[in-house]
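Please walk me through this model, from its confidence scores to its aromatic pairs and nonpolar cores. Keep it brisk.

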Amino acid sequence: MGTTASQLGKDLLSEYQELTFLTKQEILLAHKRFTELLTKDEKDRPNIRISMGRILALPELKSNPFRKRICHVFSTSEHKDGSLTFEDFLDLLSAFSDSATLEIKSHYAFRIFDFDDDGTLDCGDLEKLVNCLTGETDDTRLTTEEMRQLIGNILEESDIDKDGTVNLSEFQHVISRSPDFVSSFKIVL
Amino acid sequence: MPPKRKDNVVIKVEDVGMDVDAVIDSGSEEEARRRAKNRRVRPQRKAKRVSDDEEDEDEEDEEPRRKGRKKKAKPRDSDEEEEEDSRSVKSKSSRASRRKAAKEESEEESEDDRQKKKKRGKGVSKQEKEEQNKEKKGQVKGKEGKDKGGEKDRKKKSGKFSSSSSSDSDSDDQSLSEGEIEALKEQVEEKKKQIATLRNKPWRIKRRLVILKEAQDFVEKYEGALGKGKGKRLYAFKVMMAKKWIKFKRDFENFKTACIPWERKIKDVESHFGSSVASYFIFLRWMYGLNLVLFGFMFGLVIVPELLMGLPYGSIPRKIVPRAEQDTAMDFSVLFDFRGYCKYSFLFYGYYNSERTIGVLQFKLPLSYLLVGVGIFGYSLMVVIRTMARNSNEGGDGAEEGEFTFSWKMFTSWDYLIGNPETADNKYASITTSFKESIVDEQESQKDENIHLRRFLRVLANFLILCSLGGSGFLIYFVVKRSQEFSNMENEDLSWLEKNEVELVMSLLGLVCPPLFETIAELEDYHPRVALKWQLGRIFALFLGNLYTFLFALFDEVTAKLESEKAIKNATEWALNQYIANYSSHYNTTNVPPQNVDPADTLRGPCWETAVGIEFVKLIVSDMQVTYLSILIGDFIRAVLVRYLNYCWCWDLEAGFPSYGEFDISGNVLGLIFNQGMIWMGAFYCPGLVGLNVLRLLVSMYYQCWAVMCCNVPHERVFKASGSNNFYMGLLLLVLFLSLLPVVYTIMTLSPSFDCGPFSGQEKMYDVVMETIDKDLPSFIGNIFVYATNPGLIMPAVLLMVLAIYYLNAVSKGYQQANLDLKKKMKMARDEEKNRRNNKDSTNQVMKDLEDLLPDKSLIPPPTEEEPPPPDVVIEKGSKSPKIKPGAAGKGVKLQKDVSLAATNPRAPVNRAPGPRRAPPGNARGPQPGPGRGRGRGGPPRQ
C-alpha cells in the first residue's frame, strides 16, 4: 500500500486516480513534491509520515491561515500531530482539487473550521475562525464587541435550528448557495 | 436437521466477519440504509451483528445462495444426512482453522478469505445439487471441492473452479437460477456504481482503497460468471470493452488536461494573486482559442486558396503596387503604415480576385470569402452564447444576495489558492474591512448626514463624465476628419504624427480617460462594488462611443471614396471605349485585342474596402503598442524605480506615493473585449487581421504573465471572479452585436469597388450568393429560395417568431414566479421552525405588522392572562430583557442595552413579553414595532 521510494506502481497509480479527483499528472507531481520533502534515508521506508512542520513549509500552504487545521484534518496519525502520509497528502489535494464536488469540499471545509473537532461550529470555533481570517496583527483584529456582533449575525443567518451552533447540514446549506466557494476552495501544487 | 446446521454456519461466518470488521468503522447514510435493508430481509436471524457495511454487503451477497440451499435442503432424503453431516463437520473444521488465520492476517487478506468462503459456499451448493442426481459421484466431487477449499491459494482457483464446473456440465449451469443471476448482476452493478462514486465519499483514502479493492475483486470475480452459454463470451467481451473504454476515457481526460495551454502559468498567477487576476488570463486564453478557430476559417478557406490557386502577384492591376508608389514600396516606414507591398498583399480585401472559380478544384473564392466573413460572426455568436449558458448553469440557483452575507464572508472569503504572503496580508486586510463594513452597514443602515451635498456631487460627477465622453467623441471625429484632409495631401509633406493621429488619439483617450473617470467617481462616494460597476459602464461607454465615432467618420470617408471611384470608373470606361473606337477605326476591325498596358500603370479606383481594412489594422497595432508600452513604463519601469531608488529616497517609495502598480482586471478585460470587437469588424476587410490578433494574444499572454508576476502587487480590494465571468461574456456579446451591424450594413447596402476585391463588378456583395444559387445549384433550390424570400412567407415567419418569443417569455415568467413561491415557502418553513424554537408566537414580519394594525387587543382573546405560564416561557421571560435570547443574539443584546440607557425614546423596540396581553394597553400594542423589528435589519433605533 505504501509508496515505493522512487516511483509509484502502475496499479496503485490507477487506483489513486480512481479514488481521487486528481489526474495522473497531478498524482505524479504530488508524489514528486512529497518525496522532495523526505530525507535520504526516509525515502526507502514505505508509509513514511512527514511531520506537520515540513508540510507547512510548502509554498502553497505557507500563507494559508488554516494550514495547521488542514494538516490536522487530513492527518491519519494516531498522535494527532498533523503529520501526513502520502495518501493523506493525496486526500488533501483531492479535496482541494478543481474537480472535487461541492459536497466533498464543504465537508472538509466544515472539518477545517471545526477547531475543537466536536462536530459543530460553536461560538468558540467561529471566534477562532474570524481571528484566522483577520490575520495575526492587532490592527486588523476585530474588537470584542465587533466579534460578538459578527458571530451573532452569523448564527442568526445560518443556525437554522437555533441550538447556538452551526452543524454540518446547516453549513452545507449555506455554502452550497455561495457563488465562489468552489472556485476559491482550491489548492494547486 | 439441516436448518440448525445452517444457522451454525451462518453464525460462524458472522463471527469471522466481526473479527475482521472491527478494524473498520462505518458512518455514512448509505451503509445504514443498506444495513436496514438487510435486516428487513432476514429478520429471523438473531445472530449478533457487527454494524459494518462490508460485512453486510457480503452477507447480502451470500444471501441468495443460502436461500437456494435451503430450498434444496428440504426435499432431501434422510440417506443423505450422514454424508451431509460429515461434510459439515469437515467444513466446520476448515472454517475454524481459517478463522484463526483470518484473525492473524491483515484486513485485505481476511477479506479475500471471506470471498473464498463465498466461493466455497457456491461450490458446495452446486455439489449438493449434483448429489441429488448422482450421490456417489457427487460425494467425490464434493470432497474434491473441500480439499481445494483447504488449500491456501484457493482464491484464484476457486474462481476457475466455479466457472469451469459451470461450463463443464449443464446441470451446473442450472445451479445458478435466473433469479440468482439477476441478483448477482444487480450486485455487480452496485459494486461498479460504488467504484465510480467512491471518490465522492469524504472518507480516508485508506478506507476507500480497501473498499475499492474489495469491490474490484468482487466485480472481477462475478462478472465472468454472469451470462449463460453463448451469451457468456459476448458478455465477457462487453465487460472487457467497458473496462477498456473506461481506461481510455481516463487517459483521454489526462491527455486533455495536459493539452490545455498555459495551465501552469495561470496556476502560478492564481497562487500569487488569487482567482480574480487569474480569471483575466483564463479569459485571455479563451479568447485565444476563439481567435485560433476564426483564424483557421480565414486561413484555410480564403487565404490559402487564393495563394495557391489564384493568380500570382503582379499578374493583374489589383495585385501589384502602382508604378508611382513602387520606389518607396519597400521602405520600412511605408510598410509600417501598411502601405506599399503590404497594401497590395493577401492581407487586405483588395488583393482577392473576382473570378468565380479558381484552380482545378473550382473553388468559389468570392462565395467562400463572403461566407467566411459572415460565418465568423455566426461561430463567435454561438460560442459566446454557449459559454454564457454553461457559466450560468454553473452559477447555481443564485440565492438572494442578502440572505447569507455574513456567513459567506466568514466561510467562503478565504481564497485557498493564495500562496504569497503579501497577497495573504492584503487578503487579511480586505476581509477585515469587509467584516467591519458589513457590521457598520448592519448597525446603521444609512447615514444620511448631508444628502443634498451627496446628490449634488453625484450629479456633478456624472456631468463631468458626460462632458469628457462627449469631448472624447468630438476629438475623435475631428481627428478623423482632419486625417481625411491629410490623405488628400501629398504623403511626403506629412509628419509621422499627422499620419497616425487618429490611432494615437484613440489609444491615448483609452489610456487617459479611465483613470480620469476613477478620479471623478471619488466625488460620488459610492460603495466600492457599486462604484466598480459604474466605472466599468463608463469605460464601456467611452470605448463604444469612440469606436462608433470612428466608424461614422470612416463612413463619411467611404462615401467620399465611392464618389471619386465613380468618376474613375467612368474615366476608365471612357478610356476603354476610346481605345476600342480608335483601334477599330484604325485597323477597321471589330476584333479588338485587349489593351496592352502594364498592370502597374492602369488607372485604378481608391478601393475603399482596403482603406477601411488599413484603418482597422493601424488601430489594432497602435492599440497594441500603447498597451505594451504602458505596461512597460507604468509597471516595469515604475517597479524598477521604486525598487532601487527606495534605498536613497526621502520617503518610503514602496509604501508611499508611487508604490507598485496594481493589475487592473476590469480595464484589461474591457480592453480585450474591444480589441476583439475591432477584429470582428475589421476581419471582413482585412483577412490577415485575425492572424495578427492571434499573434497579439499570444504575445500578450506571455508578456502580461511576466509583467504581473514580476512587477505588480495584488489588488487591495479584490473582487470575486466567479460573479463577473458572465458579466464579461455579456459585454462581449454586446460588442459582437455592435460590430456585426456595420459589417452587415456594408455587405447589404454599399456597392463594392469596381476594380478590387472578390466582389468587384457586382452591384452588391451578396449578389455572389444569388449568382451561386442561380448557376450552380439545381433550379428547384433557386425556386425555394425565391419563395423563401417572398414577403408573404417572411411576414408569417416573423410573426411566428414573435409569438414564440412571447410564449417563451410567459413560460419563463411562470417559472420565475414558481421559483419565488418556493423560496417564500422555504422562508416560511424556516420562520416556523425558528418560532417553534423560540417559543414565540411569530417572528414573521408580515404577521407582526398585521398584529400591529389590529385596532385593539379585544379582538384577540387574552388566553394566557390567568394561566400559569409554561416553564420554558418563564425562563425566556426571565432571560429575555437583560440577556441574549437564543434567536436575537448579539444584535438584540446591544439594542436592549440602548433601550435601558435611553428609556425615553418611544420608538425603541421594547421587548414584548410572550404573553402580550400583559403589557399596558395601547402602548405596547399600537405604534410599537414588534420585537422582531429590533433585531431585523429593517429599523434600527435612531440615536
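The paragraphs below take up confidence, then chain A, then rings and cores.

This is a predicted model, in which local features need pLDDT of at least 70 and side-chain atom pairs count only at pLDDT 80 or more, while totals for chains, interfaces and linings use all residues. Residues are numbered from 1 along each chain as its sequence is written, chains are lettered from A and ligands numbered from 1 in the order in which they are written, and side-chain values use heavy atoms, with hydrogens and water left out.

Start with confidence. The model scores ipTM 0.84 and pTM 0.64. pLDDT is the predictor's confidence in each residue, from 0 to 100. Chain B averages 70 on pLDDT, and 64% of its residues score at least 70. Its elements are helices (DSSP runs of H or I, at least four residues) and strands (runs of E, at least two), numbered from the N terminus. Among the elements of chain B, helix 24 (residues 688-711) has the highest mean pLDDT, 91. Helix 31 (residues 889-901) of chain B has the lowest, 39. A contact means heavy atoms within 4.5 Å. Where pLDDT is low, the predicted coordinates should not be read in detail.

Now chain A. Its secondary structure comes to 11 helices and 0 strands. Of its 189 residues, 60% are buried; buried means under 20% relative accessible area, exposed over 50%, and partly exposed in between (1.4 Å probe, protein chains only). Take the contacts in chain A between residues at least 6 apart in sequence: 55% join residues at least 24 apart.

Next, the rings. Rings of Phe, Tyr and Trp (its six-membered ring) pair if their centres lie within 6.5 Å; planes under 30 degrees apart count as stacked, over 60 as edge-to-face and the rest as tilted. Over all chains, the count comes to 48 aromatic pairs. Why is the pair of B:Phe252 and B:Phe255 tilted? The ring centres of B:Phe252 and B:Phe255 are 6.4 Å apart and the planes meet at 35°, so the pair is tilted. These two residues are 3 apart in helix 11 (residues 229-259) of chain B, so about one helical turn separates them. B:Phe252 is partly exposed, at 39% relative accessibility. B:Phe255 is partly exposed as well, at 49%.

B:Phe555 and B:Tyr745 form an edge-to-face pair, 5.6 Å centre to centre with 85° between the planes. This pair links distant parts of the chain: B:Phe555 lies in helix 21 (residues 528-587) of chain B, B:Tyr745 in helix 25 (residues 721-748) of chain B, 190 residues apart. Ring pairs also build a cluster that includes A:Phe66, A:Phe113, B:Phe411 and B:Tyr416.

Last, the cores. A nonpolar core is a set of buried Ala, Val, Leu, Ile, Met, Phe, Trp, Tyr and Cys residues joined through side-chain atoms within 4.5 Å. The largest has 101 residues, and those with the most contacts inside it are B:Phe281, B:Phe283, B:Phe550, B:Phe616 and B:Phe684. Beyond its neighbours within four places in sequence, B:Phe281 touches residues including B:Ile266, B:Phe663 and B:Met701. Apart from this core lies another, of 73 residues, among them A:Phe21, A:Ala95, A:Ile151 and B:Phe411.
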